[in-house]
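Subject: Structure for you to look at

Hello,

Here is the structure I promised to hand over. My notes on what was found in it follow below.

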Amino acid sequence: MARIDRQQIELWNFGVIALNNEAKVVLFNSAEERLSGLPREEVLGHDFFTEVAPCTASRLFRGRYLRARAEGFLDEHFFYTFTYRIRPVSAHIHMLHDAAQSPLVFFFLDRVVPLFEDLG
């Protein structure tokens, strides 16, 4: 994680978001911009849970972020459906934090689960 940089994440075809201690978005790669439909300039520097994706202000998502901050380490995979500013989109989330390597909490997002309306 200490070696992840802005140039590197631009090469990845899955979404990457990183939050600082105040839950402000400090990294938001091109793939996430394309997949979410959210312009990077409207996301960077904004509170992820109140301004960018309020639908994630739940125990399932934000709770993990808070636990990562409190414990200094988290490496979890889970599925989540985003419902704010876009039509519902399910994604596989890998939330990763290791305070010994980086102060940031990373979200790696891969849209892999089609919703029923996408099947028609």
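Of the 120 residues in the protein, 43% are buried. Please keep in mind that this is a predicted model. The protein exposes about 6600 Å², and carbon and sulfur atoms supply 54% of that area. The secondary structure comes to 4 helices and 5 strands, and along the sequence they follow the pattern α-β-β-α-α-α-β-β-β. Among contacts between residues at least 6 apart in sequence, 42% join residues at least 24 apart.

In soluble globular proteins, nonpolar side chains tend to be buried together. The largest nonpolar core here has 25 residues, and the members that touch the most others are Leu19, Phe48, Phe61 and Phe107. Which elements supply at least two residues each to this core? They are strand E1 (15-19), strand E2 (25-28), helix H3 (48-52), helix H4 (62-71), strand E3 (73-82), E4 and strand E5 (105-113). The largest share, 4 residues, comes from E3.

Leaving aside residues up to four places away in sequence, Phe48 touches Ile17, Leu19, Ala23, Val25, Ala53, Pro54, Thr56, Phe61 and Phe107. There is also a second, separate core of 8 residues, which includes Val16, Ala18, Leu27 and Phe106.

The aromatic rings

A pair of aromatic rings is described by the distance of the centres and the angle of the planes. A search of the whole structure finds 14 aromatic pairs. One of them joins Phe49 and Phe61, with 6.3 Å from centre to centre and 70° between the planes, and this pair is edge-to-face. Phe49 lies in helix H3 and Phe61 in the loop between H3 and H4, so the pair ties together parts that are 12 residues apart in sequence. Phe49 is buried, with a relative accessible area of 3%, and Phe61 is buried at 0%.

Phe61 also pairs with Phe82. Their ring centres are 6.0 Å apart and their planes stand at 70°, so this pair is edge-to-face. The pair links distant parts of the chain, 21 residues apart, with Phe61 in the loop between H3 and H4 and Phe82 in strand E3. Is Phe82 buried or exposed? Phe82 has a relative accessible area of 8%; the limit for buried is under 20%, so Phe82 counts as buried.

Phe49, Phe61 and Phe82 belong to one aromatic cluster, together with Phe48, Tyr65, Phe78, Tyr80 and Phe107. The charged end of Arg62 sits over the ring of Phe49, 5.8 Å from its centre. The charged end of Arg64 sits over the ring of Phe78, 4.0 Å from its centre.

A buried serine

Ser90 lies in strand E4 (residues 89-98). Ser90 has 8% relative accessibility and counts as buried. What does the side chain of Ser90 make a polar contact with? The partner is the side chain of Thr81, at 2.8 Å.

Two exposed residues

Asn21 is placed in the loop between E1 and E2. At 53% relative accessibility Asn21 counts as exposed, because the limit for exposed is over 50%. Not counting residues up to four places away in sequence, Asn21 touches Tyr65, Arg69 and Pro103. The side chains of Asn21 and Arg69 are joined by a polar contact of 2.8 Å. Asn21 and Leu66 are 45 residues apart along the chain, and 9.6 Å separates their C-alpha atoms.

Arg6 is found in helix H1 (residues 6-9). Arg6 is exposed too, with a relative accessible area of 54%. Apart from residues up to four places away in sequence, Arg6 touches Val26 and Leu27. Leu27 has been named above as part of the second core. Arg6 and Asn29 are 23 residues apart in sequence, and their C-alpha atoms are 7.7 Å apart in space.

Regards

Notes:
Residues are numbered from 1 along each chain as its sequence is written. This is a predicted model: local features need pLDDT of at least 70, side-chain atom pairs count only at pLDDT 80 or more; totals for chains, interfaces and linings use all residues. Side-chain values use heavy atoms; hydrogens and water are left out. Buried means under 20% relative accessible area, exposed over 50%, partly exposed in between (1.4 Å probe, protein chains only). A polar contact is a pair of N or O atoms within 3.5 Å; within protein, one must be able to donate a hydrogen and the other to accept it, and residues adjacent in sequence count only if both atoms are side-chain atoms. A nonpolar core is a set of buried Ala, Val, Leu, Ile, Met, Phe, Trp, Tyr and Cys residues joined through side-chain atoms within 4.5 Å. Contact means heavy atoms within 4.5 Å. Accessible areas come from the Shrake-Rupley method with a 1.4 Å probe; for residues, only the protein chains shown count as cover. Rings of Phe, Tyr and Trp (its six-membered ring) pair if their centres lie within 6.5 Å; planes under 30 degrees apart count as stacked, over 60 as edge-to-face and the rest as tilted. A charge sits over a ring if NZ of Lys or CZ of Arg is within 6 Å of the ring centre and within 35 degrees of the ring normal.
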